[in-house]
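Good morning, and thank you for coming.

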Amino acid sequence: MIRFHPPLAAAVLALGATALQAEEITVFAAASMTNALGEVERNFEAATGHDLAISFAGSSALARQIQQGAPADIFISANSGWMDALQAEGLLEDGTRFDLVGNAIVLVASGSDAEPVEIRPGMDLAGLLGEGRLAMAMVESVPAGIYGKAALEGLGLWDAVADKVAQADNVRAALAFVRTGEAPFGIVYATDAVAADNATVVGVFPAETHPPILYPVADLANRDIPAEAEFLDYLRGPEAKAAFERQGFMVMAE
């Protein structure tokens, strides 16, 4: 018979309880959250013992997967519209939705030393592009593309560049076009440009030219486990806030 001294027995029992309480949480998150949530994932798992399984893609693609029954627990969208659509279909747990962070959109140029550009009505963006393309996320469905098109329309520039736009499945793919030199310019989130090599932010689109860029988060209504509430609470806490701010997000949640 194996005998444990009381302190050792208590430690073993505690470890066993922790293992029994550990849960896996499936998170669907906008591609622009990749860097920040990578840090949040490591810290949350270390603090709680839970496991985060995060799938990153364009918010539109993730929302459609949820509508089709994908087994996600938490959704973090890069715009309110897709979260509104899920809420209208009764796919969110009541009372769990809140705005997590905010963002901005910027004009990036290929290379590490591009000259700044004044983003204003009447600027010759088409002339800047020349024979090149303007990389953007899908302008009718992916939030970064929707915001970018709205900004260009607000500045009176869309018609001049619409036929020069190279659309990508998500904002990270649009940035990749610029980083590799396939497109001389692109419109991406400020947070994506923070850590990008071989790309330079040359201008910031005025906030008044596009709808507010908010990232709502919510618990989905397909199942209910304690770890989901723990994760939402963690997202409001100081460690997550610091991670988001390091990536250039504006923290909204308190």
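Predicted model: local features only at pLDDT ≥ 70, side-chain atom pairs only at ≥ 80, totals over all residues.

Strand β6, residues 134–137, pairs with β7 in the parallel sense over four bridges. Two strands are said to pair if DSSP finds at least two bridges between them.

Residues are numbered from 1 along each chain as its sequence is written, and side-chain values use heavy atoms, with hydrogens and water left out.

The pair of β6 and β7 belongs to an open sheet of five strands, in the order β7-β6-β8-β5-β9, with mixed pairing. Its edge strands are β7 (165–168) and β9 (199–204), each of which pairs on one side only. On average, neighbouring strands of this sheet are turned by 35° against each other, direction ignored. In general, the strands of a sheet pair through backbone hydrogen bonds, either parallel or antiparallel.

Which strands does helix α6 lie across? Helix α6, residues 143–154, lies across β5 (105–110), β6 and β8 (185–189), and runs at about 125° to β6. Angles run from 0 to 180 degrees between N-to-C directions, and axes are lines fitted to C-alpha atoms, for helices over the stretch in contact. Helix α8, residues 171–179, lies across β5, β6, β7, β8 and β9, at about 165° to β6.

I turn now to the other sheet. Six strands form an open sheet in the order β2-β1-β3-β10-β4-β11, again with mixed pairing. At the edges stand β2 (51–57) and β11 (250–251), each with a single partner strand, so one side of each is left without a neighbour in the sheet. Strand β4, residues 98–102, pairs with β11 in the antiparallel sense over two bridges, and glycine 102 stands opposite methionine 250 in β11. Helix α4 packs on this sheet, touching β3 (74–76) and β10 (214–219), and its direction makes about 25° with that of β10.

Helix α4 also has a helical partner. The axes of α3 (residues 59–67) and α4 (residues 80–88) come within 10 Å and cross at roughly 10°. The two are therefore roughly parallel to each other, a term for angles under 35 degrees; over 145 counts as roughly antiparallel, 65 to 115 as roughly perpendicular and the rest as oblique. In α3, the residues Ser59, Ser60, Ala63, Arg64, Ile66 and Gln67 meet Trp82, Ala85 and Leu86 of α4, where contact means heavy atoms within 4.5 Å.

Not counting residues up to four places away in sequence, serine 60 touches Trp82, Ser141, Val142 and Pro143.

Finally, helix α2 (residues 34–48) and helix α10 (residues 226–235) pack at an angle of about 125°, with their axes 11 Å apart. That makes α2 oblique to α10.
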